[in-house]
Amino acid sequence: MLLVVAVAGTMFSLTSCSKDPKKPGVEYMPDMYRSPSYETYGVNRIFENKMEARIPVKGTIPRDFTFFNYPNSLEGYEASGRDVHDPLPQTPENLAEGKRLYTIMCMHCHGETGQADGSLIATGKYPPPPSYSAGVSSRGGNMKDLTDGKIYHTITYGVNLMGGHASQLLPKERWKVIQYVHQLQNPDGGAAAPTDSAKVTAAK
């Protein structure tokens with residue numbers, strides 16, 4: 001009996017091997033070689049709710065996740081303006097990427113040069129936002145004096161008719177946009193970030 005099993009096993013292994021790529025023979029557990037793939041947001045019957053996309057495990061965070069522990073409030077806005085600063089180096093590459101992202105995400109309202117004359121505003125259906133270089137912020141203070149943290153807070157959460165862009169722009173992308181916005185704030189003075197007046201007052 002053992003001899004029969006051994007012979008059968010040998011024959012099975014031989015028939016499973018082939019030098020001809022068009023005749024691969026018999027595969028044992030083919031899923032081990034060719035794992036089934038699933039479409040993103042498609043159906044996966046392994047899970048109870050049949051959804052391929054899974055909710056992250058409780059308590060975990062995405063790789064390279066950036067914390068922004070400032071609430072969507074005036075207090076959070078002021079605290080962000082005081083404490084949060086651009087972590088990226090101010091390089092021509094970052095500025096160029098900031099301009100590209102601004103053109104895609106911001107120019108339709110704020111305008112090419114930040115003068116609140118974008119194509120969407122030109123329709124007359126929406127009130128213009130304040131000019132970056134000459135306008136006054138709805139939260140107080142001149143737009144040209146807005147700091148890194150205040151702009152980052154606004155891009156993240158939005159303000160008035162401007163919606164938040166946290167889901168459209170990664171943190172690094174927001175900082176690159178901010179570098180370009182600083183240039184629009186001070187078209188004659190480069191892209192240096194303004195100094196927060198509240199911080200200067202506190203320092204005195």
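This is a predicted model: local features need pLDDT of at least 70, side-chain atom pairs count only at pLDDT 80 or more; totals for chains, interfaces and linings use all residues.
Let me start with two helices: H3 and H7 pack at an angle of about 90°, and their axes are 7 Å apart. At that angle, H3 and H7 are therefore roughly perpendicular to each other. On the H3 side the contact is made by Asn94, Leu95, Glu97, Gly98, Lys99, Leu101 and Tyr102. On the H7 side the residues are Glu173, Lys176, Val177, Gln179, Tyr180, Val181, Gln183 and Leu184.

Reading from the N terminus, the order is α-α-α-α-α-α-β-β-α-α. The chain has 204 residues, and 28% of them are buried. If you take contacts between residues at least 6 apart in sequence, 48% join residues at least 24 apart.

Back to H7, this time with its other partner. H6 and H7 pack at about 125°, with 10 Å between their axes. The crossing of H6 past H7 is right-handed. From H6, the residues involved are Asp148, Ile151, Tyr152, Ile155 and Thr156. They meet Pro171, Arg174, Trp175, Val177, Ile178, Val181, His182 and Gln185 in H7. Val177 and Val181 are listed in the contact with H6, and both are also listed in the contact with H3.

H6 has a further neighbour, H2. Buried in H2 are Gly76, Tyr77, Ala79, Ser80 and Gly81. The buried residues of this helix pack against H6.

Now the core. Which residues touch the most other members of the largest nonpolar core? They are Tyr102 and Val177, in a core of 23 residues. Four helices each supply at least two residues of this core: H2 (74–83), H3 (92–105), H6 (148–157) and H7 (171–185). H7 gives the largest share, six residues. As background, nonpolar side chains in soluble globular proteins tend to be buried together.

Leaving out residues up to four places away in sequence, Tyr102 touches Met107, His110, Gly111, Glu112, Gly114, Tyr132, Val177, Tyr180, Val181 and Leu184. Val177, the other residue named for the core, is on that list.

Next, the cysteines. How many disulfides are there? The count is zero. For Cys106, the nearest cysteine sulfur is that of Cys109, 8.9 Å away. A disulfide here needs sulfur atoms within 2.5 Å, so the sulfur of Cys109 is too far from that of Cys106 for a bond. Cys106 is buried, at 14% relative accessible area. Cys109 is partly exposed, at 22%.

Last, two backbone details. Ala116 is not a glycine, yet its phi is positive, about 65°. Ala116 sits in the loop between helix H4 (107–110) and helix H5 (119–122). Asn160 is not a glycine either, and its phi is positive at about 55°. The loop that holds Asn160 runs between strand E1 (158–159) and strand E2 (162–163). Are these two residues buried or exposed? Ala116 is buried, with a relative accessible area of 9%, whereas Asn160 counts as exposed, at 65%.

Technical notes:
Residues are numbered from 1 along each chain as its sequence is written. Side-chain values use heavy atoms; hydrogens and water are left out. A nonpolar core is a set of buried Ala, Val, Leu, Ile, Met, Phe, Trp, Tyr and Cys residues joined through side-chain atoms within 4.5 Å. Buried means under 20% relative accessible area, exposed over 50%, partly exposed in between (1.4 Å probe, protein chains only). Contact means heavy atoms within 4.5 Å. Axes are lines fitted to C-alpha atoms, for helices over the stretch in contact, and angles run from 0 to 180 degrees between N-to-C directions. A crossing is left-handed if the near helix is turned anticlockwise from the far one by less than a right angle, and right-handed if clockwise. Angles under 35 degrees count as roughly parallel, over 145 as roughly antiparallel, 65 to 115 as roughly perpendicular and the rest as oblique.
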